[in-house]
Amino acid sequence: NLQGPRYVSPAPNGGFVVSEECGDVKVFMSSRKLLCSLSSKYGHQFGNPAGVCVDMDGSILVADEQRRTVHLFPEHGAPICLVSAGLRRPTGVACSSFGHLFVADTGENCVK
């Protein structure tokens with residue numbers, strides 16, 4: 001069911017999230033059954049989704065290399081653009097237990 005899987009992250013419910021090259025981000029249940037596609041669920045158009053992670057609230061964060069953004073997709077409600085400036089090529093994202101967001105920017109060879 002995946003088209004060019006790139007990055008994967010565990011989800012709090014035992015499932016996982018996978019970004020697809022030049023396409024979409026898909027959420028799977030612990031049974032490996034597809035739960036949803038973020039582009040379908042939220043009507044969001046990705047450029048080139050890369051790094052994904054899930055925060056302590058169960059929201060999914062996605063770095064988009066092409067659009068140079070990081071979006072948060074809450075379980076309920078509309079997506080929120082968390083970072084829209086200052087990134088050259090965001091590829092990886094991680095959330096700390098203290099609520100900090102880390103973004104690997106390969107365009108600038110650093111973590112922000």
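Start with Glu-20 and look at what surrounds it: leaving aside residues up to four places away in sequence, Glu-20 touches Asn-1, Leu-2, Gln-3, Gly-4, Pro-5, Arg-6, Lys-26 and Pro-49. Keep in mind as you turn the view that this is a predicted model. Glu-20 itself sits in strand β2, which covers residues 16–20.

Is Glu-20 buried or exposed? Its relative accessible area is 4%, so it counts as buried, the cut-off being under 20%. Now follow its side chain. One of the residues it touches is Gln-3, and here the side chain of Glu-20 comes to 2.7 Å from the backbone nitrogen of Gln-3.

Lys-26 is also on the list of residues touched by Glu-20. What do these two form together? They make a salt bridge, and the closest N and O atoms are 3.4 Å apart. Lys-26 has a relative accessibility of 13%, so it falls under the 20% limit and counts as buried. Glu-20, at 4%, is buried too.

How many salt bridges turn up when the whole structure is searched? The count is five, so let's visit some others.

Move along to Glu-65 and Arg-89. Their side chains meet in a salt bridge, with 2.8 Å from N to O. Where do these two residues lie? Glu-65 is in the loop between β6 (60–64) and β7 (69–73), while Arg-89 is in the loop between β8 (80–83) and β9 (90–95), so the pair ties together parts that are 24 residues apart in sequence. Glu-65 is buried, with a relative accessible area of 9%. Arg-89, on the other hand, is partly exposed, because its 43% lies between the 20% and 50% cut-offs.

Arg-6 joins Glu-65 and Arg-89 in a network of salt bridges.

For a last stop, find Glu-108 and Lys-112. Here too there is a salt bridge, and its closest N and O atoms are 2.8 Å apart. How accessible is Glu-108? Its relative accessibility is 35%, so Glu-108 counts as partly exposed. Lys-112 also comes out at 35% and is likewise partly exposed.

Key. Residues are numbered from 1 along each chain as its sequence is written. This is a predicted model: local features need pLDDT of at least 70, side-chain atom pairs count only at pLDDT 80 or more; totals for chains, interfaces and linings use all residues. Side-chain values use heavy atoms; hydrogens and water are left out. Helices (H or I, at least four residues) and strands (E, at least two) are DSSP runs, numbered from the N terminus. Buried means under 20% relative accessible area, exposed over 50%, partly exposed in between (1.4 Å probe, protein chains only). A polar contact is a pair of N or O atoms within 3.5 Å; within protein, one must be able to donate a hydrogen and the other to accept it, and residues adjacent in sequence count only if both atoms are side-chain atoms. Contact means heavy atoms within 4.5 Å. A salt bridge is a side-chain nitrogen of Lys or Arg within 4 Å of a carboxyl oxygen of Asp or Glu.
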